[in-house]
Amino acid sequence: MEWVHVPLADLDEDGRGVIDPDGHEIAIFLVDGKPHAFANSCPHEGNPLVEGELLGTTLTCAYHNWKFDLETGACLFGEEAARVYPAELSGDEIRIRLA
């Protein structure tokens, strides 16, 4: 099991960022002090989830309005769940576990 460390300073003013540790982009969201990490590719057509809208615990893809639960990646509107990565806050960085 490998961990990737992302400094909080690397996130934008909205608490978002994208990393590419293994050739696959991971979107990072810091919401109310809690980190979330998603494959940055909507399962519908591959559009970048980092551009999506956050409302409470729901992430909505900016392109076709598929909706995902921030905690689990479960699809709330659409047909397929998004891939999530375990993420935790550790001091001034976010740790993301790659599987």
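**Figure 1. Arg 95 and Glu 88 meet in a salt bridge.** In this predicted model, the two side chains come to 2.8 Å, N to O. A salt bridge here is a side-chain nitrogen of Lys or Arg within 4 Å of a carboxyl oxygen of Asp or Glu. Glu 88 is partly exposed, at 32% relative accessibility. The terms run as follows: buried is under 20% relative accessible area, exposed is over 50%, and partly exposed is in between (1.4 Å probe, protein chains only). Residues are numbered from 1 along each chain as its sequence is written, and side-chain values use heavy atoms, with hydrogens and water left out. Because the model is predicted, local features need pLDDT of at least 70 and side-chain atom pairs count only at pLDDT 80 or more, while totals for chains, interfaces and linings use all residues.

**Figure 2. Strands E10 and E11 form a hairpin.** E10 covers residues 87–90 and E11 covers residues 93–98. Strands (E, at least two residues) and helices (H or I, at least four) are DSSP runs, numbered from the N terminus. The two strands pair in the antiparallel sense over four bridges. Two strands pair if DSSP finds at least two bridges between them. Ala 87 stands opposite Ile 96 in E11. Two residues lie between the strands of the hairpin, and Gly 91 takes a positive phi near 65°.

**Figure 3. Lys 34 forms a salt bridge with Glu 71.** The closest N and O atoms are 3.1 Å apart. The pair links distant parts of the chain, 37 residues apart. Lys 34 sits in strand E4 (residues 34–39). Glu 71 sits in the loop between strand E7 (67–69) and strand E8 (75–77). How exposed are the two partners? Lys 34 is partly exposed, with a relative accessible area of 37%. Glu 71 is partly exposed too, at 42%. The salt-bridge count comes to two.

**Figure 4. Arg 16 is buried yet has no salt bridge.** Arg 16 lies in strand E2 (residues 16–19). The nearest side chain of opposite charge is Asp 14, 5.1 Å away. For charge, Lys and Arg count as positive and Asp and Glu as negative; His and the chain ends are not counted. What lies 2.5 Å from a polar atom of the Arg 16 side chain? The backbone oxygen of Val 50 does. Residues touched by Arg 16 include Leu 11, Ile 28, Phe 29, Val 50 and Leu 54, not counting residues up to four places away in sequence. Contact means heavy atoms within 4.5 Å.

**Figure 5. Val 4 is buried in strand E1.** E1 covers residues 2–7. Val 4 counts as buried because its relative accessibility is 14%. Its C-alpha atom is separated by 6.4 Å from that of Arg 97, 93 residues apart along the chain. Leaving aside neighbours within four places in sequence, Val 4 is in contact with Ile 19, Pro 21, Ile 94, Arg 95, Ile 96 and Leu 98.

**Figure 6. Four strands form an open sheet.** The order is E2-E3-E4-E9, and the pairing is antiparallel. E2 and strand E9 (84–85) stand at the edges, each with a single partner strand, so one side of each is left without a neighbour in the sheet. E4 and E9 pair over two bridges. The bridge partner of Phe 38 in E9 is Val 84. Strands of a sheet pair through backbone hydrogen bonds, either parallel or antiparallel.

**Figure 7. Asp 32 and Asn 65 each have a positive phi.** Most residues other than glycine have a negative phi. Phi of Asp 32 is near 50°. Asp 32 is placed in the loop between strand E3 (26–31) and E4. Is Asp 32 buried or exposed? Asp 32 is exposed, with a relative accessible area of 83%. Phi of Asn 65 is near 65°. Asn 65 lies in the loop between strand E6 (58–60) and E7. Asn 65 counts as partly exposed, at 45% relative accessibility.

Figure 8. Along its principal axes the C-alpha trace spans about 35 × 25 × 20 Å. Of the 99 residues, 37% count as buried. Among contacts between residues at least 6 apart in sequence, 39% join residues at least 24 apart.

Definitions and conventions. A polar contact is a pair of N or O atoms within 3.5 Å; within protein, one must be able to donate a hydrogen and the other to accept it, and residues adjacent in sequence count only if both atoms are side-chain atoms.
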